[in-house]
Amino acid sequence: MVKINGEILDICGMSVSEYLKTTSYDIKRIAVECNGDIVPKSKYDETILKDGDSVEVVSFVGGG
Amino acid sequence: MIPKKNEMINALEMRHGKELQERFSSATVAVCGLGGLGSNISISLARAGIGKLILIDFDKVDITNLHRQQYKATQIGMYKTDALSENLKEISPYIELEAHTVYVNEDNAKDLLNEADIICEAFDKAECKAMLANTVLENMPAKFLISGSGMAGIASANTIKTRKVTDLFYICGDEVSDISDGTGLFSSRVMLCAAHQAHMVLRILSNKTKERRNINE
């Protein structure tokens, strides 16, 4: 099982890219953290989610 | 009359304590974007006696900025880097300032931010916020990043908070209120977010461990 933004999901074996395609996140507005480290955007395709991973998708909003 | 440098330092040490003030004085903090967040963050940090600020913005002061940004009507048309430098020097005459009037992107970020201990992201656009987070956290592994996300609108002040994402990455704001929802920006709520960001800078610097990574929010 993979924990994403606090929610436990059965998505082991999926890549970060594949997971993101199932969501409504705007890829240009996010940063993805996995087990305490940022996942480089260039590695979303090759980063495979494993059992026990804890992931957070940070989605930025405008204004400043 | 402007006080002497040692008088300014003594006054800061009376308020913060000598040890903490020495940490503030020896720190370099970058502020990316000098709008509602960045101008307020910079003023808080200058007042706290941070030794050096790296100020980055490509834009000029516009009449529509004055409702929330720390500029004066007489500064309309000036580059924000110049106008803010002027204002900061009036508050804290001995602060070291390095100003860059450029648009930050993936290619120039590393050079611009190389000297900073802590980076405050204070851009307006969500895409720019994400670009800086990805660029800094991927390529500059020892830097702290404090982002601002979600301070538009007139919702409660109490929903603005600081959240630790990783040991080196904090987000301030409500993370929801988006300027593109047409909710406007109000100086008081933007200042709350800026104050969270500036305060997180001081909290990181106050951490006595070597790597300053064990702060929980």
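Student: In this predicted model, which residue of chain A meets the side chain of Asp178(B) in a salt bridge?
Tutor: The bridge spans 3.2 Å, N to O.

Student: Is Asp178(B) buried or exposed?
Tutor: Its relative accessible area is 9%. Buried means under 20%. Asp178(B) is therefore buried.

Student: How many residues apart in sequence are the parts tied together by Lys52(B) and Glu115(B)?
Tutor: The two side chains meet in a salt bridge of 3.1 Å, N to O. Lys52(B) lies in strand β2 (residues 52-56) of chain B, and Glu115(B) in the loop between α5 (109-113) and β4 (118-121), so the parts tied together are apart in sequence by 63 residues.

Student: Are α2(B) and α7(B) roughly parallel or roughly perpendicular to each other?
Tutor: Their axes come within 9 Å and cross at roughly 115 degrees. Angles of 65 to 115 degrees count as roughly perpendicular. The two helices are therefore roughly perpendicular.

Student: Which residues in α7(B) meet α2(B)?
Tutor: From α2(B) come Leu20(B), Arg23(B) and Phe24(B). In α7(B) they meet Leu202(B), Leu205(B) and Ser206(B).

Technical notes
Residues numbered from 1 in each chain as written. Chains lettered and ligands numbered in written order. Predicted model: local features only at pLDDT ≥ 70, side-chain atom pairs only at ≥ 80, totals over all residues. Heavy atoms only, no water. Axes fitted to C-alpha atoms, helices over the stretch in contact; angles between N-to-C directions. Helix = DSSP H or I, 4+ residues; strand = E, 2+ residues; numbered from the N terminus. Parallel < 35°, antiparallel > 145°, perpendicular 65-115°, else oblique. Contact = heavy atoms within 4.5 Å. Salt bridge = Lys/Arg side-chain N within 4 Å of Asp/Glu carboxyl O. Buried < 20%, exposed > 50% of the residue type's maximum accessible area, 1.4 Å probe, protein only.
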